[in-house]
Amino acid sequence: MSDPSKPRVLLSDALKHYLENRTKTPSAKFIRDNTSYIGRVTAAVGDLPLTEYRREHAHKVRDQMLSTGMTTGTARRALNAISAIFNHGLREFDLGRHANPFESMPIAGEGEDAKGRQPFTPEELKAVKAACELSDDDIRHIVAMQADTGARIAEIVGLRIEDVALDEAVPHIHIRAFESLGRTLKNTNSERRVPLVGLALWGARRAVEAAKHEEGRWLFPRYAADGDIKATHASNTINKWLRQVLKIDKTTHSFRHTMRDRLRAVEAPEEVQDAIGGCTPMPRKLSVDSSRMIEVRFNVARTMSGARMFGTMCFM
């Protein structure tokens with residue numbers, strides 16, 4: 001039975017309090033994702049008082065998610081988010097004696113459905129290039145820039161026009177955070193300058209030209225606005241295009257794996273490979289002299305685009 005001395009707090013109340021009391025103002029994506037997770041609970045078992053949820057409800061939510069074709073990894077992320085919101089509600093509304101039924105939820109075969117991301121073959125990259133240049137729209141500009149920089153799709157989608165330096169001695173993009181505008185990066189090592197060569201340079205030029213006719217300062221306004229970076233939307237659209245139109249069963253993230261392979265092929269040092277992808281801090285010898293950094297990064301990028309020698313080249 002419910003304790004009449006305790007408030008009747010619904011799961012939706014816990015979500016509202018959770019979003020309104022974050023230490024940092026949550027991004028539109030964070031709000032959208034967590035609202036969607038709780039929506040899955042209410043759709044499966046209803047928006048109940050926290051004290052009325054039982055383990056059987058959590059099982060039903062899990063099973064409902066998996067029945068839609070959701071991978072076990074995605075289901076785990078959703079359950080972890082639901083559990084965090086539930087715990088927040090129990091704590092903030094003094095309902096701590098009630099157990100959280102979403103905690104430590106087992107998922108049969110967890111991880112077994114994960115697919116290893118394979119790099120694009122040279123033939124597939126040629127097909128991507130031809131298709132991008134033929135369509136010549138914002139989606140294909142995003143693909144072009146990701147393909148020849150190896151950046152994360154969110155890093156490309158969240159670029160502002162001023163992040164694209166086309167008139168410098170070495171054209172490049174500056175991947176950086178604008179937290180006040182909702183533009184965040186995966187980690188502090190992700191900020192970097194990446195040279196533009198090949199298809200990426202073409203895509204950047206076309207994107208900047210198109211953005212001049214739009215309001216605001218975002219490079220891809222269909223997917224980016226102040227406080228709302230829709231990288232997942234762009235990713236879903238591109239993945240569908242790759243799969244249905246080009247018949248390539250790979251995702252945008254495979255461009256990052258492809259870049260790693262291309263860097264190995266020109267014998268780029270591992271620390272440089274990590275720095276290009278924004279995975280580790282830049283080596284100090286490459287971070288003190290900006291002009292040298294950009295020059296050597298450009299050289300390695302140009303090498304990947306067709307030169308034979310690697311020499312002393314590396315990336316920013």
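Predicted model: local features only at pLDDT ≥ 70, side-chain atom pairs only at ≥ 80, totals over all residues.

Colleague: What makes Gln146 count as buried?

Modeller: Its relative accessible area is 1%, and buried means under 20%, so Gln146 is buried. Gln146 lies in helix α6, residues 138-147, and, leaving aside neighbours within four places in sequence, Gln146 is in contact with Ala151, Arg152, Ile153, Ile156, Thr252 and Phe255.

Colleague: Why is Thr71 called partly exposed?

Modeller: Thr71 has a relative accessibility of 35%; buried would require a value under 20% and exposed one over 50%, so Thr71 is placed in between, as partly exposed. Thr71 sits in the loop between α3 (55-67) and α4 (72-92).

Colleague: Which residues does Thr71 touch, not counting those up to four places away in sequence?

Modeller: With that exclusion, Thr71 touches Leu66 and Asp113. Asp113 is 42 residues away along the chain, yet the C-alpha atoms of Thr71 and Asp113 are separated by 6.6 Å.

Colleague: How do you know that the span of α3 is close to what is expected?

Modeller: α3 has 13 residues and reaches 18 Å from its first C-alpha to its last, which is close to the 18 Å expected at 1.5 Å a residue.

Colleague: What puts the buried residues of α3 on the same side?

Modeller: The buried residues of α3 are His57, Ala58, Val61, Arg62 and Met65. They cover an arc of only 135° around the axis, and therefore lie on the same side of α3. In general, an α-helix has 3.6 residues a turn, so residues three or four places apart point the same way. On the other side of α3, Glu56 and Ser67 are exposed, while the cover over the buried residues of α3 includes α2 (28-45) and α4.

Colleague: Which members of the largest nonpolar core touch the most other members?

Modeller: Of the 42 residues in that core, these are Ile142, Met145, Ile156, Ile173 and Leu219. The largest share of this core, 7 residues, comes from α8. As for Ile156, leaving aside neighbours within four places in sequence, its contacts are Ile142, Met145, Gln146, Thr149, Ala151, Ile173 and Phe220. A second, separate core has 30 residues, including Ile38, Leu50, Met70 and Met105.

Definitions and conventions: Residues numbered from 1 in each chain as written. Heavy atoms only, no water. Helix = DSSP H or I, 4+ residues; strand = E, 2+ residues; numbered from the N terminus. Buried < 20%, exposed > 50% of the residue type's maximum accessible area, 1.4 Å probe, protein only. Contact = heavy atoms within 4.5 Å. Expected span 1.5 Å × (residues − 1). Arc of directions from axis to C-beta. Core = buried A, V, L, I, M, F, W, Y, C linked by side-chain atoms within 4.5 Å.
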